[in-house]
Amino acid sequence: MEIFDIGSPELMLILLLAVFVLGPERIAITARKCGRLIREVKAYFSSLTDELKTELDVLEEVKDVKRDLKDLS
């Protein structure tokens, strides 16, 4: 498993150090906060993607209408 070029042994070492530095109680709180942050970022980018798709669809429709009007003239 490679995440950001970090292998499993390196990831385990980072998690072990985090437990020693933060302690078991704070590691759970920190993990919860990270999970919420990731969820909010995903929701933000999802809404941004939806909005961009909508705008592109509108631009495509405008382009089609202009082409149809040009064909009528």
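Reader: Why does Thr30 count as partly exposed?

Author: The model is a predicted one. In it, Thr30 has a relative accessibility of 31%. Buried means under 20% and exposed means over 50%, with partly exposed in between; Thr30 at 31% is therefore partly exposed. Thr30 belongs to helix α1, and its C-alpha atom is separated by 17 Å from that of Leu11, 19 residues apart along the chain.

Reader: What makes Val21 count as exposed?

Author: The relative accessibility of Val21 is 65%. Exposed requires over 50%, so Val21 is called exposed. Val21 lies in helix α1. Between Val21 and Glu61, 40 residues apart in sequence, the C-alpha to C-alpha distance is 56 Å.

Reader: Which residues form the nonpolar patch on the surface?

Author: The patch consists of Leu13, Leu16, Leu17, Phe20 and Val21, with about 550 Å² of accessible area together. Membership requires over 30% relative accessible area, and Val21 has 65%. Leu13, another of these residues, is located in helix α1.

Reader: Which residues gather in the patch of positive charge?

Author: Arg26, Arg32, Lys33, Arg36 and Arg39 gather there, on the surface. Lys and Arg are the residues counted as positive.

Reader: How do you know that Arg39 is exposed?

Author: Its relative accessible area is 57%. The cut-off for exposed is over 50%, so Arg39 is classed as exposed. Arg39 is placed in helix α1, which covers residues 8-72.

Reader: Why is the pair of Tyr44 and Phe45 called edge-to-face?

Author: A pair of aromatic rings is described by the distance of the centres and the angle of the planes. For Tyr44 and Phe45, the centres are 5.4 Å apart and the planes stand at 70 degrees. Centres must lie within 6.5 Å for rings to pair, and planes over 60 degrees apart count as edge-to-face; the rings of Tyr44 and Phe45 are therefore an edge-to-face pair. The count by this rule is 1 aromatic pair.

Reader: Is Phe45 buried or partly exposed, and what value decides the matter?

Author: Phe45 is partly exposed, at 48% relative accessibility. Exposed would need over 50%, so Phe45 at 48% stays in the class of partly exposed residues.

Reader: What makes the contact of Arg67 and Asp64 a salt bridge?

Author: Their side chains meet at 2.6 Å, N to O. The limit is 4 Å between a side-chain nitrogen of Lys or Arg and a carboxyl oxygen of Asp or Glu; the contact of Arg67 and Asp64 at 2.6 Å is a salt bridge. The search of the whole structure finds 1 salt bridge. Because Arg67 and Asp64 are 3 residues apart in helix α1, about one helical turn separates them.

Reader: How accessible are Arg67 and Asp64?

Author: Arg67 has 45% relative accessibility, and Asp64 has 26%.

Reader: Why is Ala43 called partly exposed?

Author: With a relative accessible area of 45%, Ala43 is partly exposed, since exposed means over 50% and buried under 20%. Ala43 is in helix α1.

Key: Residues are numbered from 1 along each chain as its sequence is written. This is a predicted model: local features need pLDDT of at least 70, side-chain atom pairs count only at pLDDT 80 or more; totals for chains, interfaces and linings use all residues. Side-chain values use heavy atoms; hydrogens and water are left out. Patches are made of residues with over 30% relative accessible area and no salt bridge: like charges are joined within 9 Å, nonpolar side chains (Val, Leu, Ile, Met, Phe, Trp, Tyr) within 5 Å. Accessible areas come from the Shrake-Rupley method with a 1.4 Å probe; for residues, only the protein chains shown count as cover. The place of a charge is taken as NZ of Lys, CZ of Arg, CG of Asp or CD of Glu. Helices (H or I, at least four residues) and strands (E, at least two) are DSSP runs, numbered from the N terminus. Buried means under 20% relative accessible area, exposed over 50%, partly exposed in between (1.4 Å probe, protein chains only). Rings of Phe, Tyr and Trp (its six-membered ring) pair if their centres lie within 6.5 Å; planes under 30 degrees apart count as stacked, over 60 as edge-to-face and the rest as tilted.
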